[in-house]
Amino acid sequence: MENKDFFLIKKCDGLRGEVSISGCKNAALPIMAATLLSGGKTTLKNVPMLSDIRNMSEILTCFGASITQKNKNELIIDTENILHTIAPYDLTCKLRGSFLVMGPMLARMKKVRLSLPGGCPIGSRPVDLHLKGFAALGATITKGAGFVEVKAEELIGTKIYLDFPSVGATENILMAATLAKGKTTIENAAAEPEIADLANFLNKMGARITGAGTDTITVNGVDKLKGIKYSIMPDRIEAGTFMIASAMTNGDVLIKDIIPEHIKPLTAKLLEMGADLEITNDTIRVRADKICTAKDVKTLPFPGFPTDMQAQMTALLSLSKGTGIVTETIFENRFMHVAELCRMGAQIKVEGHCAVVEGKRSLSGTKVSASDLRAGAALVLAGLAAKGQTQVFNIHHIDRGYENLDIKLKNLGAQIERIERTPLQ
Ligand code: UD1
């Protein structure tokens, strides 16, 4: 059904106050998938209540898991009775992260059939590296019309070199390898903090993983894993989005419940651009009493600048002093927000993988549309800083990854309203 809800945003002269950051969506999704590896009950705390999380819950449920929500951000996932090994297209097509159930299901049930994830607005996003990893562990891969089936009587540990440090492939192979026979080494692995959080979770379940968070991960297979209690790490991308929101509105915001180490690439860039940052063990205060100075930004695998912050940074550069060049090296089509920012008066030219952003004194509010999650966040930030009134449409993309973005911004003094126009089903 067409989604007609939108955010109505008015210019904000400086966000002020404190904001608590939610649990990390991109850590919660693989960890939810990993619960399939145990035959027991797992309690997950600090789970952000988002549409992506609800969709992942539906996929686990369709395999036979039972899931109950306890407190506001707590899920109890019981994976004792996994009965089915096929997830239908109408569930898996809703989020690409659904593919993360493949490794755990292969290891636990010895087979699984999933719809192949389609392309998505930011790029073609193939899964070849995931499948190559499973094949190296001894699985047989069969591709049919729109689906892929993976089977293995037994997974055997081996050395796997990833052609690219894919986050999803590293997670999927890591999960499969926990129950494989012998030792698996993943080289050129992704080193994102979400992978370290997944490995911490798996180790607490009884896995034997070392090196997660570096480019070489070693997994010594074990016979079984148990259900546990675990708290999901904070969302570094949500934190980064609020940091830029403060910088863009000349605000003064204390961002709480975070791991500053995870946000270093953005912290370094904002300091270069002239923002004033105060960092403690678990907070960052971002103040900007003058316009930021434009700098160049290049997205790279962690610890480089995250592609998931590129759109928000492009929005900030469009209101900075000077010209900044944004180079996107992770996804081939991740500049969809540029056309919308230009409709608000931004001066940005895209050439291949680069966007040349010429800073302007002001942007003007208008109607814009979110093409994906982070593009949507960038448009909300632009709306907060733009003169007049901005309407951001297609906010279901934003709801996939930001828990109560509008409410949190309102608490910081923003004038933002969610206007609900989608008829109830
Ligand atoms: C994850 C994040 C996403 C983030 C991305 C990069 C989740 C749920 N999503 O996505 O928010 O933007 O990491 O930090 O955690 N690739 C291949 N073959 C593969 C797999 C990936 O060519 O088998 C390519 C992709 O097309 C892309 C690049 O590798 O160009 C990075 O993708 P990857 O790191 O796998 O991202 P995701 O895990 O999908």
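Predicted model: local features only at pLDDT ≥ 70, side-chain atom pairs only at ≥ 80, totals over all residues.
Numbering runs from 1 along each chain as its sequence is written, and side-chain values use heavy atoms, with hydrogens and water left out.

**Sheet**
- Four strands make an open, mixed sheet in the order β2-β15-β17-β16; strands are DSSP runs (E, at least two residues) numbered from the N terminus, and two of them pair if DSSP finds at least two bridges between them.
- β2 (16–20) and β16 (276–279) sit at the edges with a single partner strand each, so one side of each has no neighbour in the sheet.
- β16 runs antiparallel to β17 (residues 283–287), joined by four bridges, and Asp276 stands opposite Arg287 in β17.

**Helix α1**
- Nine of the ten residues in α1 (residues 25–34) are buried, meaning under 20% relative accessible area with a 1.4 Å probe, protein chains only; helices are DSSP runs of H or I, at least four residues.
- Among the buried ones are Lys25, Leu29, Pro30 and Ile31.

**Cysteines**
- There are zero disulfides (pairs of cysteine sulfur atoms within 2.5 Å).
- For Cys12, the nearest cysteine sulfur belongs to Cys292, 15 Å away.
- Cys12 is buried at 6% relative accessible area, and Cys24 is buried at 2%.

Note on methods:
Buried < 20%, exposed > 50% of the residue type's maximum accessible area, 1.4 Å probe, protein only.
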